Amino acid sequence: MPYGAIAALAVVGVADTAYLSAVKLLQLSPACPLAGGCADVLTSEYATLWGVAPLALVGLGAYLGMGALALAGWRQQRQAAAAAGGSAAEDDPSDSALRTGVLAGGLAMASTSAVLLYILFTQFPGELCPWCLGSAALSLSIAALAASGFRARDLAEAAAPGAGVVAATLLLVSSGTGLVGGSAFASGGYDLDYALPTVTTQSPPKAVELAQRLRDSGARMYGAFWCSHCYDQKQAFGAEAMAAFPYVECYPEGLHKDTKMAAVCQEAPGGLTGFPTWVMPDGEQLVGEQTFEQLEAALAKAAAPAAAAAAS
């Protein structure tokens with residue numbers, strides 16, 4: 001079992017998911033090296049399990065666990081080699097549990113990546129997410145390296161339990177991201193009556209003014225009553241700003257079986273791939289929670305052509 005190589009890949013995965021977890025928790029905009037559009041993917045509803053657990057944080061835990069297993073196996077191999085005078089025995093019963101754990105973990109990570117790649121290519125056509133593709137490459141490589149540590153007959157014996165791990169992971173991740181029963185906007189498995197959460201925070205300075213400017217400009221924030229990120233965005237503006245807040249509810253009839261988004265949301269410029277989605281006067285979309293500075297910059301950008309025309 002190439003524990004050293006697996007541990008090295010896990011370390012890279014930890015760095016990848018630790019960065020994305022920090023971006024998520026601190027509500028920052030992720031850098032998108034080599035391609036644009038990854039912010040739309042990473043802030044969409046597909047980026048959490050059941051709208052609660054950020055996938056980046058789940059991935060961080062998976063890479064940390066895989067790294068710990070691989071390092072334990074690597075140390076065990078070195079100790080066995082030292083005891084054998086420089087070479088480990090071909091069959092090491094004490095290594096069996098670790099090898100099995102690494103293989104199961106690798107299969108689970110590869111299965112998760114398969115679901116996420118399917119979402120990326122089907123729900124975000126034409127958009128690339130280097131962080132997503134990199135993590136998928138790491139997960140698939142770890143699974144391949146883990147399988148290489150088994151002989152053919154051992155893999156044949158592990159086929160049935162391995163298939164169980166794959167099936168359970170596919171079902172869990174598909175359900176958590178909303179693919180089972182439809183997209184992340186689908187209501188399969190949910191039965192929620194409409195209840196808009198009350199905004200409890202006090203509006204910070206300029207929040208009311210900014211909300212009014214956004215509404216007057218024609219900017220809108222599309223969201224859903226069950227979306228925690230939408231609620232957090234409203235909490236950032238505060239209760240006093242809600243009278244002018246340009247919010248569009250996409251599920252005013254609640255979330256029940258076969259419930260569809262409101263027509264106004266289905267017809268939103270550019271289409272909606274996540275909540276919240278800000279649509280600015282010039283049609284630009286800002287997916288995910290936005291800071292006041294980001295919204296003001298988007299307003300200024302949308303107003304620039306009109307200002308230039310007036311000046312000329």
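## K206, out in the open

K206 is exposed, with a relative accessible area of 61% (exposed means over 50%, buried under 20% and partly exposed in between, using a 1.4 Å probe and protein chains only). You'll find K206 in the loop between α6 (152-177) and α7; helices here are DSSP runs of H or I with at least four residues, strands are E runs of at least two, and both are numbered from the N terminus. K206 isn't a glycine, yet its phi is positive, at about 70 degrees. For context, most residues other than glycine have a negative phi.

## What you're looking at

This is a predicted model, where local features need pLDDT of at least 70 and side-chain atom pairs count only at pLDDT 80 or more, while totals for chains, interfaces and linings use all residues. Residues are numbered from 1 along each chain as its sequence is written, and side-chain values use heavy atoms, with hydrogens and water left out.

## The annotated spans

An unreviewed UniProt entry lists residues 46-71, 102-121, 133-150 and 162-186 under "transmembrane region"; its positions follow the numbering used here, feature names are shortened, and annotations may be inferred rather than shown by experiment. In the model, residues 102-121 are 100% helix and 0% strand, with end C-alpha atoms 28 Å apart. Residues 133-150 come out at 89% helix and 0% strand, and their end C-alpha atoms are 27 Å apart.

V12 sits in helix α1 (residues 3-25) and is partly exposed, at 45% relative accessible area.

The largest nonpolar core has 33 residues, and L214, F237, F275 and W278 have the most contacts inside it. (A core is a set of buried Ala, Val, Leu, Ile, Met, Phe, Trp, Tyr and Cys residues joined through side-chain atoms within 4.5 Å.) Two or more residues each come from α7 (207-217), β3 (220-223), α8 (228-237), β4 (247-249), β5 (277-279) and α10 (292-311).

A second, separate core has 17 residues, including Y3, M109, L138 and I142.

## Q290, tucked away

Q290 is in the loop between β6 (285-287) and α10, and it is buried, with a relative accessible area of 11%. Its side chain reaches the backbone oxygen of V287 at 3.4 Å, and a polar atom of that side chain lies 3.0 Å from the backbone oxygen of G288.

Leaving out residues up to four places away in sequence, Q290 touches Q233, W278 and L295, where contact means heavy atoms within 4.5 Å.

Notes:
A polar contact is a pair of N or O atoms within 3.5 Å; within protein, one must be able to donate a hydrogen and the other to accept it, and residues adjacent in sequence count only if both atoms are side-chain atoms.
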